[in-house]
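Here is a short briefing to read alongside the model.

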Amino acid sequence: MDPTAAKIVLATQRGDSIRRVATKIGVSYSWVYDWIERLEDTAIIANTDNGIQVVDHEIRQCYDEMMATLYSRDSISQEDAYVIPHFAGMEFAYTEIDAAYVWTHGGYQIARSHDDYPVFIEVHDRDVERWIAFFERYGVETTINERPDASVVDGNFHYVLYPQTDGIDAEWVDGNPVIPLDDAVQQMMENRPAYEPALEIIAEEYDVDIDASHHGTAGVE
């Protein structure tokens with residue numbers, strides 16, 4: 001019942017590569033590779049030509065219960081806050097502040113602190129109740145479409161869900177699913193003064209033609 005093994009099994013989705021699983025849980029490739037071999041030897045995971053998949057779902061359920069118990073008893077770190085959603089087994093994508101955070105590789109934060117840290121994710125509308133129940137088991141609160149006041153939230157971290165009825169369009173950056181860059185830039189442009197540093201980072205790194213000057217004209221081409 002090793003926590004690393006549990007994270008690997010819970011974060012793995014059918015077809016994942018070892019590298020993707022490693023980036024999802026923030027563990028080195030070599031360490032995950034070794035664990036995948038052990039888990040394959042015990043028939044918990046299968047490493048096929050089409051990627052990794054969990055084959056022992058009873059063990060996965062045991063790991064899920066174990067990790068939910070561990071996280072619900074202890075305070076969640078910022079790193080944990082971006083790992084836990086991968087355990088849900090449901091599609092999601094980071095959005096709003098977290099779209100800027102992910103696309104800048106953690107280089108830009110705004111309006112969050114250690115004791116008030118909402119994480120913003122798009123989810124399928126059909127999965128909302130399952131997400132709420134999932135986070136509840138991990139001892140974390142959720143709200144829908146709106147960031148709550150810090151005074152009414154129990155705990156430092158919480159999740160803000162944005163239900164989507166037309167599907168979720170996501171790209172993968174540093175092991176995290178995030179809304180496409182164009183959509184992220186559009187969101188940032190709606191509150192440009194707050195996101196100006198992030199826009200400058202994105203313009204330089206991704207060669208996106210953004211007028212990222214404090215005194216320029218807002219626009220994306």
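Predicted model: local features only at pLDDT ≥ 70, side-chain atom pairs only at ≥ 80, totals over all residues.

Residues are numbered from 1 along each chain as its sequence is written, and side-chain values use heavy atoms, with hydrogens and water left out.

**Helix 1 and helix 2**

- Helices here are DSSP runs (H or I, at least four residues), numbered from the N terminus; axes are lines fitted to C-alpha atoms over the stretch in contact, with angles from 0 to 180 degrees between N-to-C directions.
- The crossing of helix 1 and helix 2 is right-handed, a term used if the near helix is turned clockwise from the far one by less than a right angle.
- Helix 1 contributes K7, I8 and A11 to the contact, and helix 2 contributes V21, K24 and I25 (contact means heavy atoms within 4.5 Å).
- Of the residues in this contact, 4 are nonpolar, none are polar and 2 are charged; Ala, Val, Leu, Ile, Met, Phe, Trp, Tyr, Cys and Pro count as nonpolar, Asp, Glu, Lys and Arg as charged, and the others, Gly among them, as polar.

**Salt bridges**

- The structure holds 6 salt bridges, each a side-chain nitrogen of Lys or Arg within 4 Å of a carboxyl oxygen of Asp or Glu.
- K24, one of the helix 2 contact residues, pairs with D16, their closest N and O atoms being 2.6 Å apart.
- Both partners are buried (under 20% relative accessible area; exposed is over 50% and partly exposed in between, with a 1.4 Å probe and protein chains only): D16 has 6% relative accessibility and K24 has 4%.
- R137 and D64 meet in a salt bridge at 2.7 Å, N to O.
- That pair links distant parts of the chain, 73 residues apart, with R137 in helix 7 (residues 128-137) and D64 in helix 4 (residues 57-73).
- R137 is partly exposed at 37%, whereas D64 is buried at 7%.
- E196 and R192 form a salt bridge with closest N and O atoms 3.2 Å apart.
- E196 and R192 sit 4 residues apart in helix 9 (residues 192-205), so about one helical turn separates them, and both are buried.

Methods: Helix = DSSP H or I, 4+ residues; strand = E, 2+ residues; numbered from the N terminus.
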